[in-house]
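These are my notebook entries on a single chain. I set down what I looked up, entry by entry.

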Amino acid sequence: MATFAVTGSASGMGAATAARLAAAGHAVIGVDLRDAQVIADLGTAEGRAEAAAAILRACGGALDGVAAIAGVGPDMPDPAAVMSIDYFGPVALLESLRPALERSGAGRAVVIGSNSASTVPLVDDALVELSLSGDEEAARARAVEQQAAMPAEITQIVPSITAYASSKLAIARWVRRTAVTPEWARNGVTLNAIAPGAVLTPLMLGSTGKPEDLDADSFPTPMPLGVFGEPEDIAFWVEQFLKPEARYTTGSVLYVDGGTDAAMRPDAYPTPMTF
């Protein structure tokens, strides 16, 4: 039996992941704002520290895997909070728990990104760089500025779309950069990301409305498979990344989006190295 920490375990993809791991006989330390073993706000430095300390107490200092799934969507009115929760929260928690993952001998870490990082044309490069530099206060301030500059017809529907898409691109780049550092890779700790598309979770429905009102054929982005994802579709791949057998996979960003990114940008990846 392995021990895993799952953030966002009270609903959506986090709940589906926690249930899947528990059904396989593993111990799951759930983390969320409510209905979890560890109650913590990952949008604040204090909350992240409290969450890490509680997880370490629960696992005895050695952890087999972490699934950093907690997040908010572009419908959240406060773009500064989006940056803190969707980027700085998972980064700080995973960095705090890396030593515990190392102690297990084969630690696995997975973080949830989004295909919005590459399919939404509202990413702010400066916001991405501020995030990757670790300057949370500056990133929060920049996110507020960018929201104020957005047309009202956009902010009325998805007020924090730039903060959301930018935070997801930043998290993907953080994973790619961090996974291959000696601190992670040479200590046997893998780090990967999953980029979901249109998955029927409370996060997505906060921006799009009721499931019965959605139509894959008329959705704003292409849906090649003609169906929306379910939380279990993401939980399946989270579990694969957490398995001991996934020892040779690190620094990957796996798109689980029904083909949306491939349909919109078929030649964008892979691209050849240029000199």
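**Entry 1. Asp-261**

I located Asp-261 in helix 12; helices (H or I, at least four residues) and strands (E, at least two) are DSSP runs, numbered from the N terminus. The model is a predicted one, in which local features need pLDDT of at least 70, side-chain atom pairs count only at pLDDT 80 or more, and totals for chains, interfaces and linings use all residues. Residues are numbered from 1 along each chain as its sequence is written, and side-chain values use heavy atoms, with hydrogens and water left out.

Is Asp-261 buried or exposed? I found Asp-261 buried, at a relative accessible area of 10%; buried means under 20% relative accessible area, exposed over 50%, and partly exposed in between (1.4 Å probe, protein chains only). I then listed the contacts of Asp-261, leaving aside neighbours within four places in sequence: Ser-118, Thr-119, Tyr-255 and Pro-266. Contact here means heavy atoms within 4.5 Å.

**Entry 2. The second largest pocket**

I read a volume of about 580 Å³ for the second largest pocket. On a 1 Å grid over the protein atoms alone, a pocket is an open set of points with protein on both sides within 12 Å along at least five of seven lines, whereas a cavity is a set of points where a 1.4 Å probe fits but cannot get out; lining residues have an atom within 4 Å of a point. Grid points are joined across faces, edges and corners, and a volume is the space filled by probe spheres set on the points.

The lining of this pocket has 18 residues, and the closest to the pocket centre are Arg-176, Val-253, Tyr-255, Arg-265 and Tyr-269. Two or more lining residues come from each of helix 4 (116-119), helix 8 (161-179), strand 7 (253-256) and helix 12 (260-264). Helix 8 gives the largest share, 4 residues. By class I noted 10 nonpolar, 4 polar and 4 charged residues in the lining, where Ala, Val, Leu, Ile, Met, Phe, Trp, Tyr, Cys and Pro count as nonpolar, Asp, Glu, Lys and Arg as charged, and the others, Gly among them, as polar.

I also checked the backbone at Tyr-269. The peptide bond from Tyr-269 to Pro-270 is cis, with omega near -5°, and Pro-270 lies in the segment after helix 12.

**Entry 3. Helix 8**

**Entry 4. Helix 6**

Helix 6 (residues 136-148) has 13 residues and reaches 19 Å from first to last C-alpha, close to the 18 Å expected. I found Glu-136, Ala-139 and Ala-143 buried in helix 6. They are on the same side of helix 6, because they cover an arc of only 60° around the axis; the arc is that of the directions from the helix axis to the C-beta atoms. On the other side of helix 6, Glu-137 and Ala-148 are exposed. The buried residues of helix 6 pack against helix 2, helix 3, helix 5 (125-133) and helix 8.

**Entry 5. Helix 11**

Helix 11 (residues 231-242) reaches 17 Å over its 12 residues, C-alpha to C-alpha, close to the 16 Å expected. Which residues of helix 11 are buried? I listed Pro-231, Ile-234, Ala-235, Val-238, Glu-239, Phe-241 and Leu-242. They cover an arc of only 160° around the axis, which puts them on the same side of helix 11. I traced their packing to strand 1 (3-7), helix 1 (12-23), strand 4 (65-68), strand 5 (108-112), strand 6 (190-196) and strand 7.

Val-31 lies in strand 2 and, at 1% relative accessibility, counts as buried. Beyond its neighbours within four places in sequence, I recorded contacts of Val-31 that include Val-6, Thr-7, Gly-8 and Ile-55.

Asp-35 is found in the loop between strand 2 (27-32) and strand 3 (38-39). I noted a positive phi of about 50° for Asp-35, although it is not a glycine. Asp-35 is exposed, with a relative accessible area of 62%.

Ala-70 is placed in the loop between strand 4 and helix 3 (79-103), and it is partly exposed at 25% relative accessibility. Leaving aside neighbours within four places in sequence, I found Ala-70 in contact with Thr-7, Gly-8, Leu-42 and Ile-85. Ala-70 and Met-13 are 57 residues apart in sequence and 8.6 Å apart in space, C-alpha to C-alpha.

How values were computed. Expected span 1.5 Å × (residues − 1).
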